[in-house]
Amino acid sequence: MNINVKYFGMIAEAAGKTEEVLELEGNPSLGELKDRQVKKYAIKDPQSVQLAVNQNLNTQVELQDGDEVAFLPPFAGG
Amino acid sequence: MEKKKPKKIFVQGAIPPEKIAGAIANHQSKTNIGAHSIFLGQIRADEIEGRTVSAIEYTAYEEMAENIYHEIRETAFSKFNITCAHVYHSLGKVKTGELCLFVFTSSAHRKMAIEACNYFVEEIKTKLPIFGKEIFEDETHQWKVNK
């Protein structure tokens, strides 16, 4: 399945990009996707990274083809 | 109705002080209002390990931030008896001393205006996916985390 991944802030900096399309095999869970990208880009402090699936922070969902998954570092508005 | 309109909150660069004056002027014809509350976020020249912050560069997951802001706004209008609320947050580079957040709430009486303003500020800081790169005078940087 294809997942549209977006990166923000320090994660975009670590990845060297703000988005990419990943072709994933074997129906990985969201947690597995996170671990994979954390390792791939050596993302620091992974427990502070929140994932949003289709703009929703409730991550108790199964990934579906075409989903948009955002990797969000700690919020710093205001 | 004003509170049902989808609102854009992001502006490019610093929020000019004239925008605050303009917002006040725009409400002078609304004579059911008896109190405005205003919060202004300003970029502070923090000193961290001998380096001084000169600017913050903001980015955001804009679509998600606007959707969450819409929910915050709906909740604020149901919790507080306010006549209107206006919120602007900067994207891009904002230098120290410049404004990055403008929250403006209005009500018949002070208490609701003040409480609603505080509510917006706290919700914006904790719930909106906005990210800040603190740029130091020597062009190095670190990533801001809200306390």
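Trainee: Which side chain of opposite charge is nearest to B:Glu134, and how far away is it?
Mentor: Keep in mind that this is a predicted model. The nearest one is B:Arg44, 5.8 Å away. B:Glu134 is buried and has no salt bridge, because a salt bridge needs the side-chain nitrogen within 4 Å of a carboxyl oxygen.

Trainee: Where does B:Glu134 lie in chain B?
Mentor: In strand S7, which covers residues 130–136.

Trainee: And what does B:Glu134 touch, leaving out residues up to four places away in sequence?
Mentor: Its contacts include B:Asp46, B:Ile48, B:Val53, B:Ala55 and B:Ile56. B:Thr140, B:His141, B:Gln142 and B:Lys144 are also touched by B:Glu134.

Trainee: Let's take B:Lys144, then. Buried or exposed?
Mentor: Buried, because its relative accessibility is 14% and the cut-off for buried is under 20%. B:Lys144 sits in the segment after S8 of chain B.

Trainee: Which residues of chain A does B:Lys144 touch?
Mentor: A:Pro74, A:Ala76, A:Gly77 and A:Gly78. In chain B, its contacts beyond four places in sequence are B:Ile56, B:Tyr58, B:Gly132 and B:Glu134.

Trainee: How far is B:Lys144 from B:Tyr69?
Mentor: The C-alpha atoms are 21 Å apart in space, and the two residues are 75 apart in sequence.

Trainee: Switching to pockets. What volume does the largest one have?
Mentor: About 400 Å³. Its lining has 19 residues, and those nearest the centre are B:Arg44, B:Asp46, B:Lys125, B:Lys144 and B:Asn146. Strands S2 (35–42), S4 (51–60) and S8 (141–143) of chain B each give two or more residues to that lining.

Trainee: Which element gives the largest share?
Mentor: S2(B), with three residues.

Trainee: And what is the make-up of the pocket lining by class?
Mentor: Eight nonpolar, five polar and six charged residues.

Trainee: How many cavities of 30 Å³ or more are there?
Mentor: One. The largest cavity holds about 30 Å³ of space.

Trainee: Which residues line the largest cavity?
Mentor: From chain A, they are A:Gly9, A:Met10, A:Pro73, A:Pro74 and A:Ala76. Chain B gives B:Phe131, B:Gly132, B:Trp143 and B:Lys144. Helix H1 (9–15) of chain A and S7 of chain B each supply at least two residues of this lining.

Trainee: How do the residues of the cavity lining divide by class?
Mentor: Six are nonpolar, two polar and one charged.

Key: Residues are numbered from 1 along each chain as its sequence is written. Chains are lettered from A and ligands numbered from 1 in the order in which they are written. This is a predicted model: local features need pLDDT of at least 70, side-chain atom pairs count only at pLDDT 80 or more; totals for chains, interfaces and linings use all residues. Side-chain values use heavy atoms; hydrogens and water are left out. Helices (H or I, at least four residues) and strands (E, at least two) are DSSP runs, numbered from the N terminus. Buried means under 20% relative accessible area, exposed over 50%, partly exposed in between (1.4 Å probe, protein chains only). Lys and Arg count as positive and Asp and Glu as negative; His and the chain ends are not counted. Contact means heavy atoms within 4.5 Å. On a 1 Å grid over the protein atoms alone, a cavity is a set of points where a 1.4 Å probe fits but cannot get out, and a pocket is an open set with protein on both sides within 12 Å along at least five of seven lines; lining residues have an atom within 4 Å of a point. Grid points are joined across faces, edges and corners, and a volume is the space filled by probe spheres set on the points. Ala, Val, Leu, Ile, Met, Phe, Trp, Tyr, Cys and Pro count as nonpolar, Asp, Glu, Lys and Arg as charged, and the others, Gly among them, as polar.
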